[in-house]
Amino acid sequence: MSPIGKLFANAAIAVSSSAALVLGMTGTANAEPVSPLPIDAMQAPGMSAVESISPAIQKAASDPYNAVSMLMAAAAAFTGNSAAPTDSKNVASAVSEFVAQPAAAHVPAPGATPGVEAHLPAGVDPAHAVGPVPDALPVPAPEAAPAPAPDAAPTPSPAPEVAPAALEAAGNSQFGPNAPPTQDFMYPSISNGCLKDGGNVLATAISVAGPAKIPAPGPGAGQTAYVFTAVGTPGPAAEQRLPLNVTWVNLSTGKSGSATLKPRSDINPEGPTTLSAIADTGSGSVMSTIFGQVTTTEKQCQFMPTIGSTVVP
């Protein structure tokens, strides 16, 4: 099981235990629901890092010039803290590793508008920026049987060299047609007392790099879809009273933005409540945070933030 998978499993066990305690105290089915037990660091040991890094992502989205340094600093507060819970250190380490992947801190080119349009850092040759995906790389022609050379055979032109970055992209499993389109967020989100009986709810979040067919209507090339599912809840209310938002920043291009996740009639209409959105993130390394509230047919639920990383080919 991957480190992120273990974080999900550990949090699920903790929240389930909390819900069991609440249900055990409720008594008969007709009794008034009791106040849910608060979710603390013992139950969700990775949440402290998530609650600290989520605002950093929102701030980075408004200041792409300093996005990498801000996210690295937010993560370092936990990776370098011996007293921090192990799960928080793991979340912070995952953020550090992902943010450090770009070759250099992003510095938008002069005249580019940060957060509005995708653009390359100053001094980067577009031909060497990323390179084609593996199936677009030049394919050597099959060798033919040698034929007698004519008397005045012209000297063949040398084959064009493939950019080093293109070769690197070809060998990088994160890009190309075989890259996994669905990528889990680093830690589950939790809502205190979201169930009708007062129980807590665990929510999972995933991102889907386009082009892909799910979630409907499917993200296109250069787009990222976000799916947020509140496990164990009934279907979503027709009107979401308060928004559930995603804010993202593309560390490769400096583009950033926000979107509101909404329910769809063709995605789990009877439950669990599932909200989704598709954002024009562009290709690159994207850090995102989902935060806000969800309205089910039974309750209004405040969810703790969650953070995720996405590689968009």
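Helix H2 (residues 47–62) packs against helix H3 at an angle of about 170 degrees, and their axes are 9 Å apart. That angle makes H2 roughly antiparallel to H3. Welcome to this predicted model, a protein with five helices and nine strands. Along the sequence the pattern reads α-α-α-α-α-β-β-β-β-β-β-β-β-β. Here is a short tour, topic by topic.

**The protein as a whole**

- The protein has 313 residues, and 43% of them count as buried.
- Among contacts between residues at least 6 apart in sequence, 70% join residues at least 24 apart.

**Helix packing**

- Two packed helices are described by the angle between their axes and the distance between the axes.
- Where H2 and H3 meet, H2 contributes Ser48, Ala49, Ser52, Ile53, Ala56, Ile57, Lys59 and Ala60. On the H3 side, the residues are Ala67, Met70, Leu71, Ala74, Ala75 and Phe78.
- Helix H3 (residues 67–79) also packs with helix H4 (residues 86–99), with an angle of about 155 degrees and axes 8 Å apart.
- An angle over 145 degrees counts as roughly antiparallel, and H3 and H4 are therefore roughly antiparallel to each other.
- The crossing in which H3 passes H4 is left-handed.
- In this contact, H3 uses Val68, Leu71, Met72, Ala75, Phe78 and Thr79. Its partners in H4 are Ser88, Lys89, Ala92, Ser93, Val95, Ser96 and Val99.

**After helix H4**

- Gln101 sits in the loop between H4 and helix H5 (164–170).
- With a relative accessibility of 39%, Gln101 counts as partly exposed.
- Gln101 and Ser252 are 151 residues apart along the chain, and their C-alpha atoms are separated by 9.4 Å.

**Strand S7 and its partners**

- Strand S7 covers residues 274–279 and is mostly covered, with five of its six residues buried.
- Strand S4 (residues 224–230) is joined to S7 by six bridges, and the two strands run antiparallel.
- Within this pairing, Phe228 stands opposite Leu275 in S7.
- Strand S6 (residues 256–263) is joined to S7 by two bridges, and these strands run antiparallel as well.
- Lys262 has Ser276 in S7 as its bridge partner.

**Aromatic pairs**

- A pair of aromatic rings is described by the distance of the centres and the angle of the planes.
- The count of aromatic pairs comes to two.
- One of them is formed by Phe185 and Tyr226, an edge-to-face pair with 6.3 Å from centre to centre and 80 degrees between the planes.
- This pair links distant parts of the chain, 41 residues apart: Phe185 is in the loop between strand S1 (182–184) and strand S2 (189–191), while Tyr226 is in strand S4.
- Phe185 and Tyr226 are both buried.
- Phe228 and Phe303 also pair: their ring centres are 5.1 Å apart and their planes are at 85 degrees, so the pair is edge-to-face.
- Because Phe228 lies in strand S4 and Phe303 in strand S9 (residues 300–312), the pair ties together parts that are 75 residues apart in sequence.
- Phe228 is buried, with a relative accessible area of 1%.
- Phe303 also counts as buried, at 2% relative accessibility.

Technical notes. Residues are numbered from 1 along each chain as its sequence is written. This is a predicted model: local features need pLDDT of at least 70, side-chain atom pairs count only at pLDDT 80 or more; totals for chains, interfaces and linings use all residues. Side-chain values use heavy atoms; hydrogens and water are left out. Buried means under 20% relative accessible area, exposed over 50%, partly exposed in between (1.4 Å probe, protein chains only). Helices (H or I, at least four residues) and strands (E, at least two) are DSSP runs, numbered from the N terminus. Two strands pair if DSSP finds at least two bridges between them. Rings of Phe, Tyr and Trp (its six-membered ring) pair if their centres lie within 6.5 Å; planes under 30 degrees apart count as stacked, over 60 as edge-to-face and the rest as tilted. Axes are lines fitted to C-alpha atoms, for helices over the stretch in contact, and angles run from 0 to 180 degrees between N-to-C directions. Angles under 35 degrees count as roughly parallel, over 145 as roughly antiparallel, 65 to 115 as roughly perpendicular and the rest as oblique. A crossing is left-handed if the near helix is turned anticlockwise from the far one by less than a right angle, and right-handed if clockwise. Contact means heavy atoms within 4.5 Å.
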